[in-house]
Amino acid sequence: MRMSPKLFCAVAAPLLACLAPISAHAQTPDTAVATDTSAAPLSEDQADSLKAGDYLWNPNVAAAGVINIVVDLDRQVAFVYRGGALIGISTVSTGRDGHETPIGSFTILQKQVDHKSNLYHEASMPFMERLTWDGVALHAGGVPGYRESHGCVHLPIAFAKALYGVTDIGATVELRGTPPVDAVDAGETIASNDSDEAPATQPGVQLVSAHNP
């Protein structure tokens, strides 16, 4: 038995109307997953799975509180805490032989989004957060998987930007590790500014919005 076009439309219209919301939902990204992930706590053990240039950034773990930063020179990773909760982990690159990053407790003395090195041809040091007045700072720079700076702590550029946005002058930065025999002590003069040009981009991992500084 053939169904007339009018009868077919009368029968099919309600069915299509019911299916429409299902179809629309199937094509809509599941934002609930991102929302849940944004509240997931971080663990220091996750640092061991990061590759050079990678980082984890999850500021929604703690919306408020004092920022503290710990840089582990032995593991070449940095940990960011807010109110005691871990909100960020990043691979880093610290001072190479002859330009060792000092060990000790420091505070952020100065911040500049677009800083230029005073000693090395005005090399770019984006999102610079100064730790000493004689050349040691946190800033965006190359993170190749080994120590290659002039004493500064290089961060992936997107992580450096995110960190810059949550820190204030006076925040505590702990530089920890086993100093080499000829390492420069924290109290001695560092006779260089970090000069390595920051790359145009760095690979990275963000829990909330991946690769979005």
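Reader: How much accessible surface does the chain have, and what share belongs to carbon and sulfur atoms?
Author: In this predicted model, the accessible surface of the chain is about 11200 Å², with 58% belonging to carbon and sulfur atoms. Such areas come from the Shrake-Rupley method with a 1.4 Å probe, and for residues only the protein chains shown count as cover.

Reader: What conditions apply to the model and its numbering?
Author: Local features need pLDDT of at least 70, side-chain atom pairs count only at pLDDT 80 or more, and totals for chains, interfaces and linings use all residues. Residues are numbered from 1 along each chain as its sequence is written, and side-chain values use heavy atoms, leaving out hydrogens and water.

Reader: Where is T167?
Author: T167 lies in the loop between α3 (157-164) and β10 (172-176). Helices (H or I, at least four residues) and strands (E, at least two) are DSSP runs, numbered from the N terminus.

Reader: Is T167 buried or exposed?
Author: T167 counts as buried because its relative accessibility is 4%; buried means under 20% relative accessible area, exposed over 50%, and partly exposed in between (1.4 Å probe, protein chains only).

Reader: Which residues does T167 contact, leaving aside neighbours within four places in sequence?
Author: T167 is in contact with I67, I69, I108, K111 and E129, where contact means heavy atoms within 4.5 Å.

Reader: Turning to the sheet, what is the order of its 4 strands?
Author: The open sheet has the order β6-β7-β8-β9, with mixed pairing; two strands pair if DSSP finds at least two bridges between them.

Reader: Which strands stand at the edges?
Author: β6 (110-116) and β9 (153-155) do, each having a single partner strand, so one side of each is left without a neighbour in the sheet.
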